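This briefing covers cavities and domains for a reader new to the structure. Please look at the sequence and the model before reading on.

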Amino acid sequence: MDSTLAAVLSVVVLLGALALAYRPLGDYMARVLESPRHGRVERMVYRVVGVDPAADQRWSVYLRSVLAFSAVSIVALFALLRLQAYLPYSLGHEGMPPWQALNTAVSFVTNTNWQSYSGEAALGYTAQAAGLAVQNFLSAAVGIAVAVALVRGFARTHTDRLGNFWVDLVRITLRILLPLAFVFAIVLLVGGVVQNLAGDTTITTLAGGPQTLTGGPVASQEAIKELGTNGGGFYNANSAHPFENPTALTNLLEIFLILLIPVSLTRTFGRLVGDLRQGYALLAVMASLWGTITALMVWAEVSHAGPALQLAGAAMEGKEVRFGVPMSAVFASATTGTSTGAVDSMHSSYTAYGGGLAIVNMVLGEVAPGGVGAGLYGILIASIVAVFIAGLMVGRTPEYLGKKIGAREMKLVSLYVLATPAVLLIGLGIAMATEAGRSSILNPGPHGLSEVLYAFASAANNNGSAFAGLNANTDFYNIGLAIAMLLGRFLPICFVVALAGSIAAQGRAPATEGTLPTHRPLFVVLVAGVILVVAGLTFVPALALGPIAEALP
Amino acid sequence: MTGMNLFLRQAWVALRVLALMSVVLGIVYPLVVLGVGRMLPTAADGSLVTDAAGVVVGSSLIGQPFDTDEWFQPRPSAGGYDPMATGGSNLAADNPVLVQQVGERQAAAAARDGVEPAAVPADAVTASASGLDPHISPQYAQQQVGRVAAARGLDPSVVATLVSQHTEGRLLGFIGEPRVNVLVLNLALEGLG
């Protein structure tokens, strides 16, 4: 069988599995988020941490809780990374240098998982499991919580209350992420992913040389790394490493885990606003964008343009034999279309268009289907822009789900839309204008610019994957990308939670003949069009100088 | 209460939530998975393989360097098959350095195995993503049969049979790619004597 046809069948299985999980998981998440009952363990947690679970928060308090929790998480993770030499299972590794520790702490708390360190060379097991993996859960839970706050803004009327962040955080973590991660950690383990505390063992190879085999609590971290759209590899080679991703089957499973929650959250959204069709419409936008980009990426890699790949006869540079070319491209599209950033192949060695499409996936704003939570609030923002533009065309005050999109709402939406691209392009500009920025580049020509473009697109959109030829472990990139990750995560969150407060206070405008239906194919096309046009207008110049210039003969 | 005080109060709650969650998610959870792993020691410990004498010679998941004629050779590796330095070359498709590397690898493999450079399969001339790729394509394994048999004084048909015995197909006919595990094949080769 041709390997592209085999990959098509694999994708059919993938989509079938997602379809099967969509309703039960989406509905379950909605129940978890809206249930009035607190579990016994949860009530104990609230007592210990001193939270009144019945206290509904205003948007400003909800936001303050999100920011306080994230700030404390960054400080604590920074300290853990700096002090890892004194912790058990440090494997003899020193504390991480300050700027790199700052970059890494910000990276994992913002759900980015950009890595300027190499896992096997820099970190012990305590730093990985009790530091990084903990944030893999919690940063994912924060993203979902923020999305839920926005959805409650649409679902509720005449209130200044959006829910309780601490209750949302605890429930999302303990009732959704932890059980899923546990089940799939075991499945990965059965598939060959390692889980031990063996440290580094040197053996004599068959040919008689030394080889140091690495161990680690990998399966437990791998599951949440994919489920939480985090992407930070236990090892430097990430999901290309056979101990993280041993077979084609685990590869397919990891792609499934990456897409599972972002896709199912559209069902949760539909449940919470009381109209499942609204969720299907958003899912249709996500699916059409992701499907198109994935197909193009597979085509680009299978056709292997570029002199080195033409000479080799296939785009196998930076790809693994067990995965093959087409399924590596599917993984790449899944990881960049969500804000995951795990890689099972090295994007820097992709064809010009293949690598360019990875960048496109990120600069669409991580909405197809986007990171856990972040993808949902991103596509809701795009939907508001779509109804606003449609409203302008017919001269009506735009509404979405019965909420009027007035001047205050549009200001917040505009700020959201501008924040991430501004961070990205300013960062890219500074890097290309300075020797400190340019000197990290590995490859000559347009691909060199693409490396820096990729880095800031990845950081500002909280993706975390890289054109990894770029030497990111310099003060310039450790600091610059930390700033990009912070602003790229928390500016949008501020605007989203403020927007949630603003629309929750409104009543619900009754739908009339002039109201644009937001569950029809017309609206799906409109939202997809808005996403493409906004990204296109913003990023065509940068893409032209990078991947497109590289692709031209 | 001022904004700052409110923030500090929230930060105090945040610290306690983080501490509690770190115990549950960062210690209990991986240890429970570790415990389950003890029921599946082969997988959990890294799929180690032993030679005829029972000595561990590596992991069936992790490729090893073999650079003499009597062994089937693995793919090029950006890190020299060192699990302490995993990753790919990250060289771009239009980088002249990569063009040169591919050309040199083609010429070397062609000369070693007595085939035309254009016939050398792509996996033989490109570095993997992990630097630890345990597999090669069945085409690359078949290309090496004559050389390995000659270097070992074996009948080529015996070695060819060994290669086809160690060629794995796609799971269910469509998941993954056909492949040969180099370490496992070389271990079997050693077993031939």
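**Cavities and domains**

The largest cavity is lined by 29 residues, and Leu364(A), Gly365(A), Val367(A), Tyr416(A) and Asn461(A) lie nearest its centre. On a 1 Å grid over the protein atoms alone, a cavity is a set of points where a 1.4 Å probe fits but cannot get out, and lining residues have an atom within 4 Å of a point. This is a predicted model in which local features need pLDDT of at least 70, side-chain atom pairs count only at pLDDT 80 or more, and totals for chains, interfaces and linings use all residues; side-chain values use heavy atoms, with hydrogens and water left out. Residues are numbered from 1 along each chain as its sequence is written, while chains are lettered from A and ligands numbered from 1 in the order in which they are written.

Largest cavity
- Its volume is about 440 Å³ (the space filled by probe spheres set on the points, which are joined across faces, edges and corners).
- Helices H14 (374-394), H15 (407-433), H18 (475-504) and H19 (521-551) of chain A give two or more residues each to the lining of the largest cavity (helices are DSSP runs of H or I, at least four residues, numbered from the N terminus).
- H14(A) provides the largest share, six residues.

Other cavities
- The whole structure holds six cavities of 30 Å³ or more.
- The second largest cavity has about 60 Å³ of space, and its lining includes Leu91(A), Glu120(A) and Tyr235(A).

Domains
- Chain B has domain 1 (3-42) and domain 2 (47-191), with bounds from an automatic or database domain assignment.
- The C-alpha centres of these two domains of chain B lie 43 Å apart.

Notes
On a 1 Å grid over the protein atoms alone, a cavity is a set of points where a 1.4 Å probe fits but cannot get out, and a pocket is an open set with protein on both sides within 12 Å along at least five of seven lines; lining residues have an atom within 4 Å of a point.
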